[in-house]
Each structure stands twice: as structure tokens, then as C-alpha cells.
Amino acid sequence: MRRPFVAGNWKMNMLADSSAQLAGELADKLPEGNVEVAVCPPFVYLTTVGNVIKQSKIKLGAQNVYFEPKGAFTGEISTAMLKDVGCEYVIIGHSERRHIFGESDELINAKVKSAIEAELKPILCVGEKLDQRDAGQTEKVIETQLAGGLVGLSADSLKNLVIAYEPVWAIGTGRTATPDQAQEVHQFIRSWLSGKFGDDFAENCVIQYGGSVKPGNAESLMSQADVDGALVGGASLKADDFIKIIGAAIKAKSA
Ligand code: PGA
């Protein structure tokens, strides 16, 4: 059975005080139920947020990582550093990393490998741009990103892999994939995983949806059979909205 998983990607938002306050509210209001919850604040607030959520069930994640273990890589952060400050998860290959910072599938693959070696759980993001969807290339793009991001990795080593399907045209735009559109791609991802790593692997792999997930659409998206949770940007910055989305995951998956 896949456990629903809701993660908040705070992106480049918040300061120390607001991070601590948001984390505190989430810890206080976290609903009981069968759901995994993580927050991914900016690197510089990982420790602050980690201290606030320590006594709660909320897990800590980072938004990025570099694949080299240490050395002269000015401005980068290693897997050991993330572990050291209490991270369990790391987002890898977010579309903003791919499209603003030019990250390639090869670089993303190196990051996934280093996360796995360090026993960090990677949240590998995949998703097509609007022109690619309009040109009927969605599946091809997703397949290339999955194959490229997971090169050289075995089913056994990937048991903690999480995939986030985030159509680029739905991120921060207020435009969400319909539940059917999301399900269609999630099903495609699961069947690709099954072909590559086997049925058991595919059945157990958590696939989140991301892109303008809000309290008002979360339940219908997560009610889809292959949508196992959400990676939430904007709405994760408001405690009440994020709590409602977590509640929606519990409800959608207990029905
Ligand atoms: P959004 O971002 O919820 O603000 O669209 C999602 C994401 O980029 O992870």
C-alpha cells in the first residue's frame, strides 16, 4: 500500500521568523491520519525549521543538492550537509532548476545517485512544458526525464524514490491539470516504472502531483487512483491551506 505524501516546497520564500512561525503552526495543526508530510524550506532555514518540527511527525526536506561529496564547489550543498541538519527528503530536478538554471537529466541523475548513496529520499520531478503538451509530446518528455534521471539505478536502490509529476504550465500559474489529465500521466509513469523496474516496484512507488494544488482542488486530484499525494508550492506557505491539503490527502485516500 502506498502512503499518501504531501510535501511543501517553500521555494525562495520566507525569512527566519516567518519560517519558524509557519513550521510551528503546521506542527500544532497537523491532522491525525495516514499521511506522510514534509516541508522543504530554503537551505538557510533548514536548521530553524528542523528544530521547530522535531517533536512533530513532519519531515524535513531540501529543495536541491549537489552530487559531489565535498570540495571546491562554491555555493553548493552536499548530501552529508543535508543529513547533518536533519533532512530526510530532497527535491531533485524541479522544473525551475531545469528551466531557469539549466539542469540536465545527466546532472539530475548524478544528484539522484548521490542522494541514494547518502540515504536521502529523492523526490524526482518530471513534467512537460505547454508547447510540448500541445505538440503531443507529453509522454515522450516524461519518459526521457525518467529514463535520464534514473540511469544506472536498480529497483532495489530506488525503494525510497518519490516521483513528482509537475506539468510546467501548471506551476505557479493557477492553472491546474484536471484530475483526468493528472491521472493519465501518473498512470503512464507507473506503467513506465513497471516496465523498467517491475510491477511490485511500480505498485509501491509514490507519485505526487504538483502544480497549483490548492485546498479547493486537492481532494479531486488525490482521489485519482495513481495520484498519491501532492508537491505544493504557493499554497504551502499558508498554514491553513497546507493543513487543508493534508486533510484532503487523508480523506481522498481513506475513501
Ligand atoms: P505551485 O508550485 O503549487 O505554486 O504551483 C508547485 C511546485 O513547483 O512544486
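**Negative patch**

I found a negative surface patch made by Glu 139, Glu 143, Asp 180 and Glu 184. I looked up the rule: patch residues have over 30% relative accessible area and no salt bridge, and like charges are joined within 9 Å. Areas come from the Shrake-Rupley method with a 1.4 Å probe. Asp and Glu count as negative, with the charge placed at CG of Asp or CD of Glu. Helices H7 (138-149) and H8 (179-197) each supply at least two of the patch residues, and Glu 184 sits in H8. Helices here are DSSP runs (H or I, at least four residues), numbered from the N terminus.

**My ground rules**

This is a predicted model, where local features need pLDDT of at least 70, side-chain atom pairs count only at pLDDT 80 or more, and totals for chains, interfaces and linings use all residues. Residues are numbered from 1 along each chain as its sequence is written, and side-chain values use heavy atoms, leaving out hydrogens and water.

**Salt bridges**

I noted 16 salt bridges in the structure, each a side-chain nitrogen of Lys or Arg within 4 Å of a carboxyl oxygen of Asp or Glu. In one of them, Lys 29 pairs with Asp 240, with the closest N and O atoms 2.9 Å apart. That pair links distant parts of the chain, 211 residues apart: Lys 29 is in helix H1 and Asp 240 in helix H11.

Notes. Patches are made of residues with over 30% relative accessible area and no salt bridge: like charges are joined within 9 Å, nonpolar side chains (Val, Leu, Ile, Met, Phe, Trp, Tyr) within 5 Å.
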